[in-house]
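Okay, thanks for coming, everyone.

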Amino acid sequence: MAAGAAGSRALLALLVVGAMAAGAAGTSPDIKAHVAEDSGKLVLTCNMSGPYSTIKGHEWMHGDKVLQADETDSAFTSYTIEGKMEEHSGMYECVYKTSPEIRGQVNISVAPQVTAYKKSEHGNEGDTGVLTCKNPSFPPVTTWSWYKNGESDLQNASGRYIIKSSGNKTELRILKLNIEEDTGDYRCNAINSYGSGDATVNLRVRSRLAALWPFLGIVAEVLVLVTIIFIYEKRRKPDEVLDDDDGGSAPLKSNATNHKDKNVRQRNAN
C-alpha cells in the first residue's frame with residue numbers, strides 16, 4: 001500500500017495487484033502503482049517487476065471504458081489526466097497484455113464531494129417534501145446525516161422525517177409540510193475514510209391556497225369590471241331614450257315642411 005499527497009489534501013489508496021504469469025509457475029509479478037499531481041495534472045503509473053511473460057501492450061481503464069491503449073512491451077506504463085483529484089476520483093486499472101493478462105489497480109480517493117440535487121426546493125403545505133444529496137466521488141460514503149438550520153440532527157427526529165441513504169446518495173422526506181416548522185436550510189453531511197463534506201438545500205413551503213390566488217385575482221377583476229359596466233349602462237339609459245325620441249321627431253318635421261314647399265311650388269307653376 002502506498003500513500004499519495006500528504007497534509008490537508010486527499011490521500012490516495014494505491015493497491016498493488018499481481019497475477020500469475022505464464023511460464024512462471026509458483027511466482028507472481030508485482031505491480032507498483034502510483035499517482036502524482038503535477039501542474040494541474042494527475043499522472044497515474046504502473047511498474048511491473050518479477051517474472052512475467054512477453055508484454056504485447058497496455059490498456060488503462062476506468063470501469064468498462066478504455067481510456068488509453070498501446071502496443072509497447074515496457075514493464076512501465078502511465079496515464080495522464082487533466083484536472084484535480086477531486087474531479088477524477090475513482091478506481092483505475094492498468095492492464096498488461098500478457099498471457100494471461102496482468103492487472104494493477106490505482107485508486108484515486110478523496111473526501112466526499114457532496115452536491116445537492118437542487119439547491120432550492122418548493123413544497124405545498126400538507127404535502128411531502130423531498131430533499132436529495134449525492135456524492136460522485138470515491139470512495140463511497142459510510143455515514144450520511146441531515147441537519148436543519150445548521151443545528152438539529154434530523155436522524156433521531158420525529159416520525160415526520162424519513163431518511164433513506166444508500167452508497168453515494170441520501171434522501172430526506174418530510175411528511176405533512178408545515179410552513180412555520182419546515183421552512184429553512186437543510187444540510188446533508190457525508191463521511192468516508194478520507195474526510196467529510198456537505199451541501200445545503202433551501203426548502204420553501206407554500207400555502208395550499210397559493211395556487212388559487214392568481215385565479216381568485218382574475219375572478220375579482222372580472223366581477224369589478226362587470227359591476228362598472230352595469231352601473232354605467234344603468235345611469236346612461238334614460239339619456240339614451242330621450243336622445244332617440246328627439247332624433248326620431250326631427251326628420252318627420254323636416255319631411256312635412258319639404259312636402260308643403262313642393263305643393264306650393266306646383267300650384268304656383270300652374
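I'll go through the disulfides, then the strands, the aromatic rings and a few backbone details.

One thing before we start: what you're looking at is a predicted model.

Let's begin with the disulfides. How many disulfides does the count come to? Two. Going along the chain and counting the bonded cysteines, the pattern is 1-2, 3-4.

Take the one that joins Cys46 to Cys94, with an S to S distance of 2.0 Å. Cys46 is in strand S3 and Cys94 is in strand S7, so this link ties together parts of the chain that are 48 residues apart in sequence. And is it left-handed or right-handed? The torsion about the S-S bond of Cys46 and Cys94 is about -85 degrees, so that disulfide is left-handed. As for where these two sit, Cys46 is buried at 0% relative accessible area, and Cys94 is buried too, at 1%.

Now the other bond, between Cys133 and Cys188, again with S to S at 2.0 Å. Here we have Cys133 in strand S11 and Cys188 in strand S16, distant parts of the chain that are 55 residues apart. The value about the S-S bond of Cys133 and Cys188 is -80 degrees, and this link is left-handed. Are its ends buried or exposed? Cys133 has 0% relative accessibility, so it counts as buried, and Cys188, also at 0%, counts as buried as well.

Okay, on to the strands. Just as a reminder, strands in a sheet pair through backbone hydrogen bonds, and they can do that parallel or antiparallel.

S11, the strand with Cys133, belongs to an open sheet of four strands, in the order S9-S11-S15-S14, with antiparallel pairing. Which strands are at the edges? Those are S9, residues 115-116, and S14, residues 161-166, and each of them pairs on one side only. Inside that order, S11 and S15 run antiparallel and are joined by six bridges. If you want one spot to look at, find Thr132, which stands opposite Glu171 in S15.

Then there's S16, residues 184-192, the strand that holds Cys188. S16 runs antiparallel to S12, with six bridges joining them. One of the pairings has Tyr147 with Arg187 of S16 as its bridge partner. S16 is also joined to strand S17, residues 195-206, by nine bridges, and that pairing is antiparallel as well. S16 and S17 make a hairpin with two residues between them. For a landmark there, Ile191 has Ser196 in S17 as its bridge partner.

While we're around S12, have a look at Ser145, which is in that strand. Ser145 is at 12% relative accessibility, and since buried means under 20%, it counts as buried. Leaving out its neighbours within four places in sequence, Ser145 is in contact with Arg187, Cys188 and Asn189.

Next, the rings. How many aromatic pairs does a search of the whole structure find? One. The rings of Trp60 and Tyr79 have centres 6.2 Å apart and planes at 25 degrees, so the pair is stacked. Trp60 is in strand S4 and Tyr79 in strand S6, 19 residues apart. Both Trp60 and Tyr79 are buried. There's another ring worth a glance: the charged end of Arg160 sits over the ring of Tyr161, 5.5 Å from its centre.

Last stop, the backbone, and we're in loops now. Where are the cis peptide bonds I'd point you to? One goes from Ser99 to Pro100, with omega near 0 degrees, and Pro100 is in the loop between strands S7 and S8. Another goes from Phe138 to Pro139, with omega near 5 degrees, and Pro139 is in the loop between S11 and S12.

I also have a couple of positive phi values in residues other than glycine. Ser39 has phi near 55 degrees and is found in the loop between S2 and S3. At 71% relative accessibility, Ser39 counts as exposed. Lys176 has a positive phi of about 50 degrees, and you'll find Lys176 in the loop between strand S15 and helix H1. Lys176 is exposed too, with a relative accessible area of 63%.

Terms used:
Residues are numbered from 1 along each chain as its sequence is written. This is a predicted model: local features need pLDDT of at least 70, side-chain atom pairs count only at pLDDT 80 or more; totals for chains, interfaces and linings use all residues. Side-chain values use heavy atoms; hydrogens and water are left out. Buried means under 20% relative accessible area, exposed over 50%, partly exposed in between (1.4 Å probe, protein chains only). Two strands pair if DSSP finds at least two bridges between them. Contact means heavy atoms within 4.5 Å. Rings of Phe, Tyr and Trp (its six-membered ring) pair if their centres lie within 6.5 Å; planes under 30 degrees apart count as stacked, over 60 as edge-to-face and the rest as tilted. A charge sits over a ring if NZ of Lys or CZ of Arg is within 6 Å of the ring centre and within 35 degrees of the ring normal. A disulfide is a pair of cysteine sulfur atoms within 2.5 Å.
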